[in-house]
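Good morning, and thank you for making time for this item.

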Amino acid sequence: MKFLKNNIQKIFIGVIIIIVLGVVLLRGDSLKELIDTMQGATPIPIILAVLTQLAKYFAQSFAYSFSFKAVGEKMRARETLPLVFGTFFMNTIAPSMNLAGTTLVVDDARRRGIDPGKSTSAALLMQITIDGAFTTVMIGAFILLLCTVGLNPLWILMGSVVVVLVLVMILLLALGKINPKLLHFMLGKVEALINKLSLKVRKKPVKPWAERIVDNFSDASHLVSQNMRWVLAAYGCSLFASVCELSCFALCGIGFEILAPEPLICGYVVATLFAMISITPQGVGVVEAMVVVAFTAYDQNAAAATATALVYRGIVFWMPFIIGAILMTQIKAFKDSSKKSVEGVGKIAEEYHEKGELNLREKVQQAHEEFEKEKEQNEVHLENSDT
């Protein structure tokens, strides 16, 4: 459980950052002002913020459902809703570039009789639509800010990183369909370069990953290219989910009398960027600090900015994290297991993490073998029943 303790420690570090932020920026009268600001919040916008954030999770459940339809499988939205919270929970306690959540989706789908290869493709598609939808909202927000009050170069730099990541994922998907050999050659060169650097720095090579990524994206691209209408439907739901989250942030600001659109839009983009690219799980502590920085850059009251950041993060981080921990027992990957306790969840998370880079291809292969074995057993059972 060492890795789990380390990640919990990182969450606590994030909480400490929040406390230090409050001590440094809000002393004496400023701290009293923060307390008065929190107490004086307008309740209706805050309630609406919670509701819009919940609408985001329902939209993501439909996006998951459409992603499975895109690979020729069926999972209803009410079945994927626990996955939305479960993947958030797993990606928080086992940070691994979202692969812990992807593996959870594969396990859950296998127990529902869905081929692991297809479920992996659906999970990859879902991640692309989420990142792509946020990128769409972010670019729109940046254009608006550039045309009005200007934009900090740091935000542009971080936004560019996200854009590049999304474009790389789309390129990998396209090459996986058009020319998987070229994709393997390109990633093989990158893998060789990383190995050279790793041998110099760490004195040991990294685990092979190029072939695994090529196989995953090649399988996904062939499946989704046949059902583009469901791909667009999944993207549409993810885009609606991002708009809901933007609305949640704006409503939190309105609740503390921050009414100017520029700091609200910039604050949301900054919060999401630092949640994606941060040293702490889901950006705990870092996001809160950077939102305050973004707000004060637009001459907003520090107490109102801090109150907005704390309430918003309570809604978008702590609420789904707690719900995810509760709903883990509703996911078949855990429901069919006798270990439903927090310790059981921790052990499974540790198992995912101990695989280093999380060799998802091996996990899919293992799940596929188990899937075929269960299928054969069911067929034998049916034949015995007929006789």
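I shall begin with the overall fold, then turn to the aromatic side chains, and end with a pair of helices.

Please bear in mind that this is a predicted model. The secondary structure of the protein consists of 16 helices and zero strands. Of its 387 residues, 49% count as buried. As for the contacts between residues at least 6 apart in sequence, 77% of them join residues at least 24 apart.

Let me now turn to the aromatic side chains. A search of the whole structure returns ten aromatic pairs. One of them joins Phe 134 and Tyr 268: the ring centres are 6.2 Å apart and the planes stand at 70°, so this pair is classed as edge-to-face, for which the planes must be over 60 degrees apart. Where do Phe 134 and Tyr 268 lie? Phe 134 belongs to helix α6, residues 116-148, and Tyr 268 to helix α11, residues 261-276, so the pair ties together parts that are 134 residues apart in sequence. Are these two residues buried or exposed? Phe 134 has a relative accessibility of 4% and therefore counts as buried. Tyr 268, at 0%, is buried as well.

A second pair has another geometry. Phe 317 and Phe 321 are stacked, with 5.8 Å from centre to centre and 15° between the planes. Both residues sit in helix α13, residues 302-327, and they are four residues apart, about one turn of the helix. Phe 317 is buried, with a relative accessible area of 1%, and Phe 321 is buried at 15%, because the limit for that class is under 20%. These two residues also belong to one aromatic cluster, together with Phe 88, Phe 89 and Trp 318.

There is also a charge over a ring to report: Lys 69 lies over the face of Trp 230, 4.6 Å from the ring centre.

Finally, I come to helix packing. Two packed helices are described by the angle between their axes and the distance between those axes. For helix α12, residues 286-297, and α13, the angle is about 145° and the axes are 9 Å apart. The crossing of α12 past α13 is right-handed. On the α12 side, the contact includes Val 287, Glu 288 and Phe 295, while α13 contributes residues including Ala 305, Leu 310 and Arg 313. What is the make-up of this contact in nonpolar, polar and charged residues? It comprises eight nonpolar, three polar and two charged residues.

Key
Residues numbered from 1 in each chain as written. Predicted model: local features only at pLDDT ≥ 70, side-chain atom pairs only at ≥ 80, totals over all residues. Heavy atoms only, no water. Phe/Tyr/Trp six-rings, centres within 6.5 Å; stacked < 30°, edge-to-face > 60°. Helix = DSSP H or I, 4+ residues; strand = E, 2+ residues; numbered from the N terminus. Buried < 20%, exposed > 50% of the residue type's maximum accessible area, 1.4 Å probe, protein only. Lys NZ or Arg CZ within 6 Å of the ring centre and 35° of its normal. Axes fitted to C-alpha atoms, helices over the stretch in contact; angles between N-to-C directions. Left-handed = near helix turned anticlockwise from the far one by under 90°. Contact = heavy atoms within 4.5 Å. Nonpolar A, V, L, I, M, F, W, Y, C, P; charged D, E, K, R; others polar.
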